[in-house]
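Visitor: I'd like to learn how to read a structure feature by feature. Could you walk me through one?

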Amino acid sequence: MYQAIRSAAYEPDPTHRPWTEPLKVMRMGEELHTELTRLYARTVRQSNHPVRLPVRQLNSLLRAMAPGIAATARGAGTDFQAPWLYGREPVPEQVIASLISTWAVGLGQSQESDEDVGEASRGDEEDELLRTVDLALNQLPAWQTEHVDLTETRLSPGGTAEPAGRLYSLLPESIAFRLAARPYRTRGAELAFRVVSCDKGAELVSWPPQRYEHRKRTWYYSALVTISVHTVPFAERFRVHVSTSIRRWATHVNSRGPHLRGATVLLDAPLTWADGSDTGYRLTGNTIGFDRGRGRIAWRRHSPALLLPDLDIVRSYPDPEDLLAAPEKWINGRHDIAAGIIHSAGLGPHGVGPGLMPKERSEIDAWVEEGMRPMLRRVPDLTRVTRHNTPSLLPRTASPGDGDAREADRALARREALAGTLRGSPLDIEILWQSSETLSELLEALPKLIGLSPVRPAIDGTEHTLRWQAHGLDITIRARPAGSLAAALPEPVDRKRPRAARLAAAVADRCALVEDQVQPPGAARGLAIIEIGSRDRFPVPDSDPKSALRIACARAGRLTQFVNLPEDTAGTLPHRARWTWLDAFRQLGAISPPAHRVGAGIPGDLQYVAIWLVRLTKKGPTRCPGRRIVAVRVRPDDGPGVVHGWDPELAHWVPYPQLLLSLTEDRGPWEKDRYGHGGENQWKAEAERQIKTLLFQLRERPTLLLASAGNLRQCWPGLANGALVKDSLVFGDAAAQRLAVLGPELRLVLMRDANNRDEVPQWYAHDGNGRAGFSRGVWGLPDPANRVFVSTADVPHTATLPKGLMKLVPTTQGRGAPGKSAWNPVYLELTVLGCLPGETPAEPDDAREIADRPAEWATLAHQLRFHDDYPPLARPLPLHLARLAGEYVLPLVPAPSEERETGGRA
């Protein structure tokens with residue numbers, strides 16, 4: 001068993017002087033900013049908000065074609081006095097001017113026709129504005145030398161080290177170029193890297209790509225190293241996270257035409273500025289997608305590739321349709337230009353598996369550590385803080401007989417949980433099936449899972465009816481073909497209406513169909529299990545009926561669980577049938593955490609409460625934006641199967657199934673972005689008001705509040721790392737408030753995962769002798785006052801690859817290694833933000849006065865990730881339930897009559 005884990009994270013080395021670089025800095029200047037804004041203002045609709053110059057494409061172009069540029073700062077579109085360009089060397093001003101001028105031509109093209117102004121007049125006005133821009137470019141602000149401290153830090157009031165704002169983009173770029181200057185050597189091979197700028201920092205991509213021959217096809221892939229800057233609550237120094245993975249390149253694209261939602265293309269092109277000494281280090285990010293106005297695949301408007309033909313008339317740059325038709329031709333390069341389409345699931349299958357195993361990751365990490373010295377050092381390793389890694393789970397056994405006894409115990413626990421949540425009410429289940437094989441497995445799996453005797457179905461035509469009345473349960477199942485209920489939603493006839501309105505009309509039609517065919521459950525608890533095709537069977541946008549069926553069944557008083565057709569899903573049919581029922585039990589609230597094994601420091605009547613923010617955009621399942629706070633409460637001492645959710649309108653707790661059904665209803669203007677562009681602060685204030693109301697209801701007993709920082713800080717800014725204060729909460733602009741004021745026995749554990757932004761680092765366990773792997777446990781620094789811990793779980797039994805598997809440079813024994821998918825357990829950061837910090841009493845038996853041990857509350861949150869029926873969860877069980885409740889948040893735009901009745905609030 002490993003006793004330490006290592007994070008791929010680095011911090012400024014306090015023994016080294018500040019990392020100061022003499023960089024060249026240029027500002028946009030007031031005159032140029034004013035003229036560019038005037039030019040752009042012609043193309044946008046009138047608004048009450050100031051025009052913000054869209055410099056994203058320009059920044060990408062400058063980084064691509066003037067790679068003496070180290071980084072581009074954020075905010076140049078609004079603040080002309082702020083530093084804009086950082087250079088390792090002063091790029092000639094005529095080069096900068098040429099690039100800005102090329103970009104400005106596209107910026108000035110009007111996007112809307114104006115009936116009051118003729119074409120000639122608009123053209124004259126645009127020419128005049130472009131001449132004014134050219135005059136401003138002749139007087140670009142001069143480069144200035146500035147000694148930039150790349151470790152500049154300030155401490156927040158709560159003691160969290162925060163880097164200077166510009167370091168979030170400048171430091172990753174500086175590190176990336178530093179690492180790219182030296183190749184990565186391993187097992188006689190050498191990988192060279194290129195720098196790619198991205199929103200979350202910088203990337204290193206090995207170039208040219210590696211090749212993997214499999215089944216007479218060639219697949220391409222590269223090593224990927226992502227560098228980003230982050231903070232850790234209450235840490236004295238900020239962190240640089242360096243994550244490693246595989247970047248796969250598409251060479252066989254299945255998605256074409258209108259169904260291509262978008263794909264990222266990295267372009268390798270020579271400089272048009274031949275005198276630059278900093279050549280050959282960058283790949284330029286671009287995006288292609290289907291342009292409905294032009295009826296073809298085209299570059300998206302933020303892509304610098306749109307402007308390259310205007311800057312370089314000699315070379316032939318790839319056309320997006322040609323690139324998509326023959327990606328392998330371009331990834332190998334034509335003349336001195338190459339391009340690679342980054343593979344995604346929507347582009348079809350790929351022969352190379354994602355991810356790296358810990359041994360290979362540790363070797364790249366050592367290469368990174370060497371390149372960071374002496375300015376940055378690795379953060380200290382973390383060690384175990386407890387021997388109790390799991391709660392009281394049923395024992396695992398090897399013999400078949402003992403295995404049967406264990407499954408009987410689990411069936412009994414499920415049956416008690418189901419009886420606990422039903423509380424004597426019947427359970428009425430409708431199964432709408434498409435394949436008889438799926439129906440048979442579902443009918444066979446249910447009695448096994450809850451320890452009931454099999455029942456032969458009563459068949460009435462094509463309908464099957466089963467009923468169990470035993471052990472306090474009354475369960476009825478009616479099974480019949482799904483028919484047209486599971487068919488695709490029809491394509492809209494009137495395409496002039498907004499997509500959300502068209503989809504809402506289609507949902508209404510499907511709801512009417514369900515109302516005609518699906519019986520209400522009456523006094524019983526209702527559930528519908530629907531067999532349906534996978535997403536690939538509904539290629540037409542907005543034709544997948546899942547959301548419509550969920551809304552329709554909820555209106556009929558039924559929860560919904562979907563199961564895919566046998567041919568649409570990997571895995572055996574018995575396995576999928578089992579998981580269908582387990583997910584249905586979860587929706588019914590028939591699930592409770594096992595008893596913890598933390599110790600006497602945890603109150604016996606403790607309740608768990610989790611809060612989750614559901615935030616949908618116009619790209620969501622109903623094409624309608626929506627926001628909803630979801631809170632779930634679990635009280636283990638109330639018996640099995642007792643889960644409740646908070647109803648903000650009724651201001652009290654309701655059974656979890658009732659919460660799910662209510663979430664499909666439209667109940668409040670703030671949940672659907674009705675405040676408009678200027679209402680974010682109002683929306684956050686309303687969200688915080690709801691959270692404070694909820695906390696007030698938790699005062700009557702000890703409570704562990706669980707929240708995800710990456711999720712909830714979108715509506716509760718006081719959970720940002722820089723705003724955190726130990727044992728306190730911050731709401732709005734008010735000062736930090738002691739947690740004890742909100743609840744005398746309230747504890748709060750705040751958690752973070754990678755969150756698609758590498759907010760937590762990658763990790764691997766090690767023994768100090770070169771051996772690397774994974775390990776389950778709770779980890780932290782050996783400091784009793786430490787508040788930040790790490791929870792890691794097991795690798796599932798389906799992901800048992802050798803820890804030493806090498807994919808970048810496969811060994812002779814592992815030539816098929818690139819085709820393997822590497823799975824890595826979640827690194828979950830646990831910050832014990834609030835606990836009882838009272839003084840340790842002189843009399844040790846006075847338990848009420850003993851201060852909490854933060855490590856115990858982190859251990860409790862960790863143990864809540866484990867359950868007999870599930871592999872380790874990514875989050876503690878109450879938070880898992882709150883997040884999955886978001887599947888029922890399905891807002892719809894109101895029908896015209898409803899809009900009039902509500903005063904037009906849409």
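Guide: Gladly. Let's begin with helix length: the expected span of a helix is 1.5 Å times one less than its number of residues. Keep in mind that this is a predicted model.

Visitor: What span does helix α11 reach from its first C-alpha to its last?

Guide: Helix α11, residues 436-450, reaches 22 Å with its 15 residues, close to the expected 21 Å. Just after α11 comes Gly 451, which takes a positive phi of about 70°.

Visitor: Now two helices together. At what angle do α2 and α3 pack?

Guide: Helix α2 (residues 56-65) and helix α3 (residues 93-107) pack at about 145°, and their axes are 10 Å apart. Their crossing is right-handed.

Visitor: Which residues of α2 and α3 meet?

Guide: From α2 come Gln 57, Leu 58, Leu 61, Leu 62 and Met 65; from α3 come Ile 96, Leu 99, Ile 100 and Trp 103. By class, this contact has eight nonpolar residues, one polar residue and no charged ones.

Visitor: On to sheets. In what order do the strands of the six-stranded sheet come?

Guide: First the general idea: strands of a sheet pair through backbone hydrogen bonds, either parallel or antiparallel. Here the six strands form an open sheet in the order β23-β24-β25-β22-β26-β27, and the pairing is mixed. At the edges are β23 (458-460) and β27 (558-564), each pairing on one side only. On average, neighbouring strands of this sheet are turned by 20° against each other, direction ignored.

Visitor: In which sense do β22 and β26 pair?

Guide: Strand β22 (residues 427-433) and strand β26 (residues 525-532) pair in the parallel sense, over six bridges. Helix α13 (residues 546-555) lies across β26 and β27, and runs at about 150° to β27.

Visitor: What about the sheet of four strands: is its pairing parallel or antiparallel?

Guide: Antiparallel: this open sheet has the order β18-β17-β16-β19. Strands β18 (296-299) and β19 (338-341) stand at the edges with a single partner strand each, so one side of each is left without a neighbour in the sheet. Neighbouring strands are turned by 30° against each other on average, direction ignored. Four bridges join β17 (residues 284-291) to β18, and Asp 291 has Arg 296 in β18 as its bridge partner.

Visitor: How many residues lie between β11 and β12 in their hairpin?

Guide: There are two residues between them. The strands run antiparallel and are joined by six bridges, with Val 205 in β12 the bridge partner of Arg 194. A general point about strands: in a regular strand the side chains alternate between the two faces of the sheet. In this case β11 (residues 193-198) is mostly covered, with five of its six residues buried.

Visitor: Let's turn to the backbone. Where is Pro 208 found?

Guide: Pro 208 is in the loop between β12 (201-206) and β13 (210-214). A cis peptide bond joins Trp 207 to Pro 208, with omega about 0°. Another cis bond runs from Arg 373 to Pro 374, with omega near -5°; Pro 374 is in the loop between α9 (358-372) and β20 (376-378).

Visitor: Is Asp 727 buried or exposed?

Guide: Buried means under 20% relative accessible area. Asp 727 counts as buried because its relative accessibility is 6%. Its phi is near 60°, a positive value in a residue other than glycine. By contrast, Asp 542 is partly exposed at 22%, with a positive phi near 65°, in the loop between β26 and α13.

Visitor: And which residues is Gln 587 in contact with, leaving aside its neighbours within four places in sequence?

Guide: Gln 587, in helix α14 (residues 573-588), is buried with a relative accessible area of 0%. Its contacts are Arg 550, Leu 559, Thr 560, Gln 561, Tyr 656, Pro 657, Leu 660 and Tyr 888, leaving aside those sequence neighbours.

Technical notes
Residues are numbered from 1 along each chain as its sequence is written. This is a predicted model: local features need pLDDT of at least 70, side-chain atom pairs count only at pLDDT 80 or more; totals for chains, interfaces and linings use all residues. Side-chain values use heavy atoms; hydrogens and water are left out. Axes are lines fitted to C-alpha atoms, for helices over the stretch in contact, and angles run from 0 to 180 degrees between N-to-C directions. A crossing is left-handed if the near helix is turned anticlockwise from the far one by less than a right angle, and right-handed if clockwise. Contact means heavy atoms within 4.5 Å. Ala, Val, Leu, Ile, Met, Phe, Trp, Tyr, Cys and Pro count as nonpolar, Asp, Glu, Lys and Arg as charged, and the others, Gly among them, as polar. Two strands pair if DSSP finds at least two bridges between them. Buried means under 20% relative accessible area, exposed over 50%, partly exposed in between (1.4 Å probe, protein chains only).
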